[in-house]
Amino acid sequence: MSTCDPLLPDRQDPPVGNRTSPASRRQTHEANGMLNSEVREILLQIFSYLDPPSLTTLQLTSRRFLNLVRDDNLWRFRCLEESSFLATLDRRRRILRDGPPRPTERERVRIMANWDPSFPGEHVSWYEEYVQRHGPVAVNWFQLPYPYHDDGGGDGMNQRKTPDAVPTEARGFALYYPDGELAESVLAVAPLSDGGVCLWDVAGTRGRKGAIIARSRPGLFVDSQLHRAYFAVQRFLVEVDLLRLAVVGDASFPTSITALSPASPSVPLTVGERYGIHLYDYRSNAPPRDDTREVVQSYDSTRTKDFVKHRLHQDLLDMKVGKLKQCARLSGDSPLSIVHLQQPGREADLSDDIYVAGRFSNILHYDRRKFPAPRGSIHSGARLCAMTSLPYPFSVVNSELRRRAELSLEEVEKSKLSGGRTLIACGEYNTKGSLELYGLAKESDSDASGTPGGLQNSTLKNRQTCSPSKVLSVACHGTRIALSDGSGYIRWFEREGFTEVRRCHIGSSERCHASQGENGEEEGTSVFASAPGSSDELARKLLPTRPAVAAAAAGGDRHGGRHRVNNNDLVFWTGEKLGLVTFSARPGFWSEDFEDEQEDEHMRAEERERREYSDMMRRALERQADEVRFMGSLGLDI
């Protein structure tokens, strides 16, 4: 009896002689690949006529359309089409009457190459770039740490805010990647004004996004591989184990510490104090102390003062000074920023170059191998307060020609492959903001030419269109340069340092409560609610949540579906509290939300205790009534 469907033909195996050979199967696979490639090109051509909202909706239809819609070439063209680059170029050509009225396909490719801010070998998700360049921006505020009084639980996480409590100030911050820089977990670490250490969840992988997940007893830069944080407390450098929130190392310096370099397990820490620059190799420290007195979760001001007075002044002064014997003396002006430059073209590998800037007119250059002898200096003339770097070359001439779209495809490729690095600095010049870019040669070219500091005569000092007030911080954010100024704005510039991409006003950390209008929309309680005022916050430090190493690794994974898009936000510090700039339609959290949750949780706990007490009393009364009835019935029997 046949088990086949009578309406369908019987399946028969082909004769052995007619089976396809490996060569024919390979030809069929190649033909299918060519067909799929042609279908992909046709679909991308159709998608190019859709607007961005339609494209984002199209991603929800299928996995295939999701991968197609996030094509890099599609969104790179969108970024160029909606940038000010094309508008400026068209306006210049209309004035000069230069160029054809309708550019050819090769001319469009050449214009795209002149505008493209990325470099060969750099992984860029242009879908993310479009969202961060043209999408909505929202400002979020982290949970505020308050002084707590113990409710009797004994641990610091089970404590309640007092009614008259004032938030504890954060004295700086750094980002910590507990699972490695390639993982999604991101924590913000900050020393508090009461001497403690606080950790916030930035990515929302260990709790609610923006919430406090751990806090030490009251007492920067973080080494995510060694799980260490380094805090400067006046003239003392304290090393904290982030896994136990315990003090495991310390060192003392001649005067108050004013600058620290980012921590990396491959190079020593560079410490700047008022009169010199020191190399502190924390990797040669003694094994960490196992002192349970340092692992306390509650606030104790008396013990904090004892720790500062006794532990630092006794233990630190008795340590060996061999690690601090190398010191580069300064003339008396304090350094404010120290940066370790990367290897050319490699974000993860650090070179031996150290650059120092501060309240002096020059940027000092040191070679770690020849420290403390200075290698050279770069004249700035401004009062610089922050620096960062790019492992890619910079040329003022080529940037100006590319801004005018005058370079050919070959010239653009040659300029990007020339090698070198870019030093980015910011500060104040004549009460105005200053954004400065310095093109540095490769180490071999610098040694051959004999130019100290490796400067290639490629210097851009944007002191006109950068900011009307002092620039406080600068960071590399995707293919853009992000900076914060004294006007309360965060501004994004192209890598050539001249063209502004967009800006965002931080505003006040207090939520503006709105009322319902006649048309159903929210109306502010005051006409001045959204206007800049004296209550606006200033971002004194910026850090992107996704490091350059993770961004480079994600470039190869995003088509495989293992990379979460739009997760490169900006964490900022106002001098007292932390905030997060996200690229979304509305803020995801405010500091008041966590306070309401804490109050609700406390009310729920009290209600739960009352309910448990009522149940206990009810059971006790029921047992007592049963005993009375039993004794009564027992007496009647007698």
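1. In helix H7, the residues Trp-126, Tyr-127, Glu-128, Glu-129, Tyr-130, Val-131, Gln-132 and Arg-133 are buried, where buried means under 20% relative accessible area, exposed over 50% and partly exposed in between, for a 1.4 Å probe and protein chains only. Because eight of the nine residues of H7 (residues 126-134) are buried, this helix is largely enclosed by the rest of the structure; helices (H or I, at least four residues) and strands (E, at least two) are DSSP runs numbered from the N terminus.

2. This is a predicted model, in which local features need pLDDT of at least 70 and side-chain atom pairs count only at pLDDT 80 or more, while totals for chains, interfaces and linings use all residues. Residues are numbered from 1 along each chain as its sequence is written, and side-chain values use heavy atoms, with hydrogens and water left out.

3. The whole structure holds 12 aromatic pairs, a pair being rings of Phe, Tyr or Trp (its six-membered ring) with centres within 6.5 Å, counted as stacked with planes under 30 degrees apart, edge-to-face over 60 and tilted for the rest. One of them, Phe-47 with Phe-65, is edge-to-face, at 5.6 Å centre to centre and 85 degrees between the planes. Since Phe-47 lies in helix H1 and Phe-65 in helix H3 (residues 63-69), the pair ties together parts that are 18 residues apart in sequence. Phe-47 counts as buried at 4% relative accessibility, whereas Phe-65, at 23%, counts as partly exposed.

4. The rings of Phe-142 and Trp-200 form a tilted pair, with centres 6.4 Å apart and planes at 35 degrees. Phe-142 is buried at 1% relative accessibility, and Trp-200 is buried at 2%.
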